[in-house]
Structure formats: C-alpha cells, structure tokens
Amino acid sequence: MTSTAPTASVDLTLRTLPTGALPTSTCSTQLLDAPWDVDARDPGYGPGASMSDAIPAASPRQGEIPREYREASAEELDRRIRAAKAQLGERVVVLGHFYQRDEVVQYADYVGDSFQLATAAKGHREAEAIIFCGVHFMAETADLLSTPEQAVILPNLAAGCSMADMADIDQVEECWEQLMEVYAEEAAAAGEDAPAPVIPVTYMNSSAAIKGFVGRHGGIVCTSSNAAAVLEWAFARGRQVLFLPDQHLGRNTAKAMGVGLEEMAMWNPRRPLGGNEEQALREAKVLLWHGFCSVHKRFTTAQIDTARAEHPGVRVIVHPECPMPVVDAADESGSTDYIRRAIEGASEPTTFAIGTEINLVQRLAAQHPQHTIFCLDPVVCPCSTMYRIHPGYLAWVLEALCEGTVLNRITVGEDVAEPARVALERMLAVRPAPVR
Ligand code: SF4
C-alpha cells in the first residue's frame, strides 16, 4: 500500500463533463457542490450512490469548518497539507481507502481496504494520530486496533456508510430477542452441549456496536476476502447464521458454498419476525439482514451484456456486494484487493469491466495503461460518504494537530470495544485477511 499521485480523478471527470451532459452522466449534479455546502444544508448522505438512502436521525453531522479552508484554492490546500504533514512527521499516519477520491488519496501514507488500513495503522505505534480518509465504521475499527493513546480522526464526521447504518444496534438486539424466543424450546430440549442455534456474523462494514454484539453472542466478523472461511467457522458452531448487514455478500457467499436459496431467509427489521413465519425461520440455514451497499446495488446484468457486446473477450470482475444475478453473470467476483491483484496479475493486455466504486476503477485504469479498464456502470456516481472527505477537511485536522488540537476524534467505549475485539480476533484465527 503506497500513496499515489492524482491521475484519474473523479472530481476532474465531473468538472470536465459538458454541463448539459451532467444530469444523465452523473447520479446528481450536486456532486459538483463543495462538501461543506452539503454538510450545512443536507442531513442525508449527500450526493452520490447513497443519496436516496434513509439516514438515521442520530447520524453525526459535521459542523462548519473555518472559512480559510473552505475558500482556499486547491494549490493552497496542497501546500498547507504537505507542510503540516512534514511538520508532524511520524506523529501522524494518513490512511486513504481504495474508494477515496484522488485529491485526498495523494496524501495517504497507506491506501487499501478498511481492514488493511486498520492493520497498517496498528504497525505505527509511534504515531499520535491516525487520520482515516474513509468512513465512520473504518475509523472505529482503527480505534479498536490502535493503542488508547492514539487518536483516530475522521476529517469529516458526516462520512458515514449507508450500509453500516442499515444494521442499527437496537434493531439487531430486537431481532436477537425474537430469534431466541423462537428457538427457546428446541434449545432447552437439545441441552447445553448442543450447537448454538444461531451464530451472528457481521461484515467488517458495520458499526463497532454491531461488532461488539456478535462478539458477545459467540459470533465473528468477516471481510469480503474471507467470508466463506468465516461462514464455515460459523456453521461448525451453530446450525444457523445471522448475516449482518449486507444481504448480497451473505447470499453470494452462502450460495457459492452450496447453501440453496430456499435455505436462506431475509430479516426485515421493520416487520415482526423479520417478515417470516416461525417455521421458515427454523428451517433457514442463513438469515440475511435486509442491508445493501448503494454503490454496488447499481450494477446490473444489462451492463454486463452491453460490456460483452461492445468488448468481445472482456473479463468482467465484480465485487460480492453486488446483487446475486450480477455476480452470477460476471466471470469472477472478489474483494477490492482481489480485483486489484487480478489486474496486476494479467500478463497480456486485457479488457476489464469492473463492478465496484468508480474512484478505484479509474485509478486502476490510470495505473495500468497497458489494459483497457472501465467501470460497468457508465454513470459517474461515487460512494456518497467517501466523497464527503475533501482536502479542505484534511488540511483543517492536520493544521489543528500541528497546534496540539485533536479534532473529530472517533472513540469506541471499552464496553463495546472489548467484545468487538473478541469478534475480530476470532476472524484472525480463522484466516488472517491479506495485508500488503
Ligand atoms: S461503498 Fe458502500 S459499503 Fe463502502 S462505504 Fe460506500 S456505502 Fe458503505
């Protein structure tokens, strides 16, 4: 994981599109607005793929940052960020997620997926501050894995994750209570030594509260790289898995392991028993929480058909957060790291159609000019919440650190952190996620 110079910015793509083409070429013309304007007026996720998702009322809002950062030119922000980083030296580590815009990623000491970045931060015990240019749950994970003395900073507090927010801790506790009532008789009859009826599994893309919940109930965390190994671990301990919060990763992974669709049920937290009959719940092997990623939900089989028609021989790789028909129609599916390695490993010039967030796809295309690489979705539509991080926010938190002030610190209380770490440690014992 290394920092990269800006080469294929989504910002630039948006700004160079002819104005008349914007409404059809992007998911919202509001993508051209400054994020502080969005933060000031919009309590939602902001323009981008998640803009239509319902945001929880308690989601953090970002207060206005000083005018000097809002009005500074790109050149001035660049100079100030580099100067602040140079002054702080090893006292700070800047992390940039694969889906972050290039205007921010260029300052990252490490670029990777959320777990790679959290573990990278763990290797820098000398750093007083870890600035996470990603979203809220990622900063929480970094806090779980860092020392109590280290401050994890999210430059814009409004950078949440719509998928993680779809599994609210109160809803999950309520679901668990209902499930335990359904299984009470049979659990009592089976005796203490029988496998637990349900093992909760949560995707890394969930809040620390949900990770703590699964830790407390004998469960485990997974990434998109190790979901199958983690499900195997869970099936060895219980006869049913409750998979949170991404239904698509859960369904795609279980299906690839041979679990039939008729053995999966969906849990809709807004309906009694998740919208299921008791009998159907008892017979299910996997309960899928009704969550999804609005970035990956945009990909369709029609886009794959078009790519194959226009680019004979194209290699289609999609992320397993995509809906099942899309994963089935693709040539391969895998995590962001899998996609990156697949492209790096192609020895002959190849055409790739990729189903994941556009910032990563455009960056890969710029880094591998010997290949033709394009995003399956022709509409420019980044992850809304990653897009809330802007160099202005990064300059603001860095310069405050130079003055000895920690802004936007993300902390996880020990009552949640302790069981959450247990769930993460169980995952590491199953199969360490690849770190490079
Ligand atoms: S890409 Fe999807 S899962 Fe990832 S941060 Fe954005 S909304 Fe959340």
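Predicted model: local features only at pLDDT ≥ 70, side-chain atom pairs only at ≥ 80, totals over all residues.
**Overall build**

I began with the whole chain. I counted 20 helices and 13 strands in it. Along its principal axes, the C-alpha trace spans about 70 × 55 × 40 Å. Next I checked the radius of gyration: a compact globule of 436 residues would be near 22 Å, and the chain has 22 Å, so the two agree. I then looked up burial, and 51% of the 436 residues count as buried. For contacts with a separation of 6 or more, I found that 70% join residues 24 or more positions apart.

**Around the ligand**

Which residues are closest to the ligand? I got Cys161, Met163, Cys293, Val295 and Cys383, out of 14 residues that surround it. Sorting this shell by type gave me eight nonpolar residues, five polar ones and one charged one.

**The core and Ile130**

I moved on to the largest nonpolar core, which has 129 residues. Leu95, Ile130, Ile131, Phe132 and Val201 have the most contacts inside it. Helix H19 gives this core its largest share, seven residues.

**Helix H19**

Is H19 largely enclosed or largely open? It is largely enclosed by the rest of the structure, because 10 of its 12 residues are buried. Among the buried ones I noted Tyr393, Trp396 and Leu398, and also Glu399. Just after H19, I spotted Gly404 with a positive phi of about 90°.

**Ser50**

My last stop was a loop residue. Ser50 is in the loop between helix H3 (35-41) and helix H4 (67-71). Is Ser50 buried or exposed? I found 28 other C-beta atoms within 10 Å of it, and 20 or more is the cut-off, so Ser50 is buried. Leaving aside neighbours within four places in sequence, Ser50 is in contact with Tyr45, Ser162, Ser294, Ser384 and Thr385. I also checked Ser50 against Ile153, which is 103 residues away along the chain. Their C-alpha atoms are separated by 23 Å.

Conventions
Residues numbered from 1 in each chain as written. Near = placed C-beta within 6 Å. Nonpolar A, V, L, I, M, F, W, Y, C, P; charged D, E, K, R; others polar. Helix = DSSP H or I, 4+ residues; strand = E, 2+ residues; numbered from the N terminus. Rg over C-alpha atoms; globule rule 2.2 N^0.38 Å. Contact = placed C-beta atoms within 7 Å. Core = buried A, V, L, I, M, F, W, Y, C linked by C-beta atoms within 7 Å.
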